[in-house]
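Thanks for making time this morning. I would like to walk you through one structure, taking its open spaces and its ligand in turn, and I will keep it short.

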Amino acid sequence: MSITDPDAAARDILKANDRGGYTVPNGRVYPFQWNWDSAFVALGFDRFDRDRAWSEVETLFSAQWEDGFVPHIVFWKDDPGYFPGPDVWGTNKKPVSSGITQPPVAATVVRKLWDSAIAAGDGEPYRGRVEALFPKLLAWHRWFHDVRDPDKRGVVVAMHPWETGRDNSPEWDVPGEPIDVSNVGEYVRRDTSHLDAKMRPTKLEYDRYLALVQFGRARGWDHARIAAENPFRVADVGMSMILLRANRDLADLADALGKTSEAFEIRSWIDLAELGIGYLWNDQVGAWCSRDILNGRSSGFITSASFLSFYAGLRNSERDAATLAHFDRIARTVEFMVPSLDPDDPGFQMIRYWRGPVWAVVNYMVGTGLLESGDSVRGERVRRDTLELMRRNGFYEAYSPVDGTGSGGDDFSWTAAIWLAWSEGK
Ligand code: DGY
């Protein structure tokens, strides 16, 4: 099957998944508002409904906690089709939300939305909305700096695999071993009633996810305490690169709004990250990998997040050359870039979630970074492959890098949004 009018199909998906002010990633599998999904979805709406694009981000930030934290799920309405729901999280917040966060792409998206309004001669009416969002974005980034970077290295330490957005990446296998799953109890998963279990995380992985939710809940979702005691504490290469990029965009927004002291504070985080992010470089593998901060061990896995250094604006000739050598080897192996795990890894599985499939949003960031670095050949390869996957198969949650088949949920909002943001209507 190939789609005759992908632009129209992508718009229809966003409209169908719109619940009024927020968009569900997929009505059956993910029936609430997800944090980084919403940010990417805003880029899609921006192609045909500017006001709606902004309200997507504004609705997300209306669920921000007093300490600056922005949850990974906001449960605006009840829905029995998803587990774990609000009762399991027990955060006691209004609106009801989860207690962990997700990769901070929102500042980059807001900057993009404002640039797009300015380019259309519509920038001034949106200045007030940027001014209202700016302190919220700043508070969230400050929360990352204070609570998710305990050693002040300029990296982001994830407290839950779900926080990274790359739920079952093999990067979390060994760091997940100390998680005690003996008291998790019985529970019924809903994801595997919607989707083939072969595409989803395993029972052991779910036990660990739930054990960490119970751990946070037992500490009243006190994030400082969780950061000091959690059995899972991994400096995530994906979130660290994404936050560095988002800080650069936030600093530019601060300049545009004349917020000098805020710009200074944000640039101090950028300086720290530029100095400290080398902690995530694995010299043996020659790649950017996540690192367990409890024992200092690098995962050694080459994943799609390993290619986000260009998006983060990092340049280092030796590391870039090693990273690009992996890119080229992988590009010769698979038909569609960028697989979420190195296809030469023995654990590669072409349809299992973050152990192989291609994700459009990661591709968007990897491709954007490569293009911005001046690498039009590799950047265009990523962009072309991403759009071709959608054109051939429709808008799936993810795709096999080997044969392009869709995996996970269909009619997926962020995939449709990336089509709209990246295809430029072609
Ligand atoms: C899920 O439920 O699969 C999500 O990725 C958690 O955020």
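**The pocket and the ligand**

Please keep in mind that this is a predicted model. Let me begin with the largest pocket, which has a volume of about 490 Å³. Its lining is made up of 23 residues, and those nearest the centre of the pocket are Leu43, Lys112, Tyr364, Ala421 and Trp422. If you sort the lining of this largest pocket by class, you find 10 nonpolar, three polar and 10 charged residues.

Which helices supply at least two residues each to that lining? They are helix H2 (35-45), helix H5 (106-119), helix H12 (237-256), helix H15 (360-372) and helix H17 (413-423), and the largest share, seven residues, comes from H5.

Now to the ligand, which sits in the largest cavity. Around the ligand you will find Tyr30, Trp34, His72, Tyr82, Trp162, Asp167, Arg200 and Tyr353, a shell that divides into five nonpolar, one polar and two charged residues.

Where do the side chains of this shell come up to oxygen atoms of the ligand? A polar side-chain atom of Tyr82 lies 2.6 Å from a ligand oxygen, while an N or O atom in the side chain of Arg200 is 2.8 Å from an oxygen atom of the ligand, and for the side chain of His72 the corresponding distance is 2.9 Å. Taken alone, the ligand would expose 230 Å², and the protein buries 95% of that area.

That is where I will stop, and I am happy to take questions.

Key. Residues numbered from 1 in each chain as written. Predicted model: local features only at pLDDT ≥ 70, side-chain atom pairs only at ≥ 80, totals over all residues. Heavy atoms only, no water. Near = heavy atom within 4 Å. Polar contact = N/O pair within 3.5 Å; in protein donor to acceptor, adjacent residues only side chain to side chain. Areas by Shrake-Rupley, 256 points an atom, 1.4 Å probe, with all protein chains shown as cover. 1 Å grid on protein atoms, 1.4 Å probe; cavity = no way out; pocket = protein on both sides within 12 Å on 5 of 7 lines; lining within 4 Å. Sits in = over half its atoms within 2 Å of the grid points. Nonpolar A, V, L, I, M, F, W, Y, C, P; charged D, E, K, R; others polar. Points joined across faces, edges and corners; volume = space filled by probe spheres on them. Helix = DSSP H or I, 4+ residues; strand = E, 2+ residues; numbered from the N terminus.
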